[in-house]
Amino acid sequence: MSIGANIKKRREKLGFTQTELGEAACVSFQMISQIEGDIKVPSLPVAFRIADKLGCRVEDFRDSN
């Protein structure tokens, strides 16, 4: 599973919208959509803020294949 798919799976499991996750990560919901769609890769600071909101570590976003 890709980084974006892992983020999306965790976000949906916790019931957060892309807007809520974007606000927590200080980016737009469009950026979250692009990250989840594997169009963009989050910068390290953004990845840390996303992980914090989702209650996990950045390492947990890595491809699990």
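Asp38 has a relative accessible area of 46%, so Asp38 counts as partly exposed. The structure described here is a predicted model. Asp38 sits in the loop between α3 and α4. Its phi is near 60°, a positive value in a residue other than glycine. Most residues other than glycine have a negative phi.

Cys26 is another residue with a positive phi, about 60°, although it is not a glycine. Cys26 lies in the loop between α2 and α3. Its relative accessibility is 61%, and Cys26 is exposed because exposed means over 50%.

**Cysteines**

How many disulfides does a search of the whole structure find? The search finds 0. A disulfide is a covalent bond between the sulfur atoms of two cysteines. For Cys26, the closest cysteine sulfur belongs to Cys56 and is 17 Å away, which is too far for a bond. Seen from Cys56, the closest cysteine sulfur is that of Cys26, again at 17 Å and too far for a bond. The cut-off for a disulfide is 2.5 Å between the sulfur atoms. Cys56 has a relative accessibility of 16% and counts as buried, whereas Cys26 counts as exposed.

| Residue | Relative accessible area | Class |
|---|---|---|
| Cys26 | 61% | exposed |
| Asp38 | 46% | partly exposed |
| Cys56 | 16% | buried |
| Glu36 | 9% | buried |

**The nonpolar core**

The largest nonpolar core has 13 residues. Within this core, Ile7, Leu21, Ile50, Leu54 and Phe61 touch the most other members. Helices α2 (18–25), α3 (29–36) and α4 (44–54) each supply at least two residues of the core. Which helix gives the largest share of this core? It is α4, with 5 residues.

Ile50 shows how parts of the chain meet. Leaving aside residues up to four places away in sequence, Ile50 touches Ile7, Leu21, Ala25, Ile32, Ile35 and Phe61.

**How the helices pack**

Helices α2 and α4 have axes 8 Å apart and pack at an angle of about 125°. This angle makes α2 oblique to α4. The crossing of α2 past α4 is right-handed. On the α2 side, the residues that meet α4 are Glu20, Leu21, Ala24 and Ala25. Their partners in α4 are Val46, Arg49, Ile50, Lys53 and Leu54.

Helices α2 and α3 have axes that come within 8 Å and cross at roughly 105°. The two helices are therefore roughly perpendicular to each other. In this contact, α2 contributes Gln18, Thr19, Leu21 and Gly22, while α3 contributes Phe29, Ile32, Ser33 and Glu36. Leu21 takes part in the contact with α4 and also in the contact with α3.

**Glu36**

Is Glu36 buried or exposed? Glu36 is buried, with a relative accessible area of 9%; the class follows because buried means under 20%. Glu36 is located in helix α3. Apart from residues up to four places away in sequence, Glu36 touches Gly4, Ala5, Ile7, Lys8, Arg11, Gln18 and Leu21. Ile7 and Leu21, which Glu36 touches, are among the core residues that touch the most other members.

Note on methods: Residues are numbered from 1 along each chain as its sequence is written. This is a predicted model: local features need pLDDT of at least 70, side-chain atom pairs count only at pLDDT 80 or more; totals for chains, interfaces and linings use all residues. Side-chain values use heavy atoms; hydrogens and water are left out. Buried means under 20% relative accessible area, exposed over 50%, partly exposed in between (1.4 Å probe, protein chains only). A nonpolar core is a set of buried Ala, Val, Leu, Ile, Met, Phe, Trp, Tyr and Cys residues joined through side-chain atoms within 4.5 Å. Helices (H or I, at least four residues) and strands (E, at least two) are DSSP runs, numbered from the N terminus. Contact means heavy atoms within 4.5 Å. Axes are lines fitted to C-alpha atoms, for helices over the stretch in contact, and angles run from 0 to 180 degrees between N-to-C directions. Angles under 35 degrees count as roughly parallel, over 145 as roughly antiparallel, 65 to 115 as roughly perpendicular and the rest as oblique. A crossing is left-handed if the near helix is turned anticlockwise from the far one by less than a right angle, and right-handed if clockwise.
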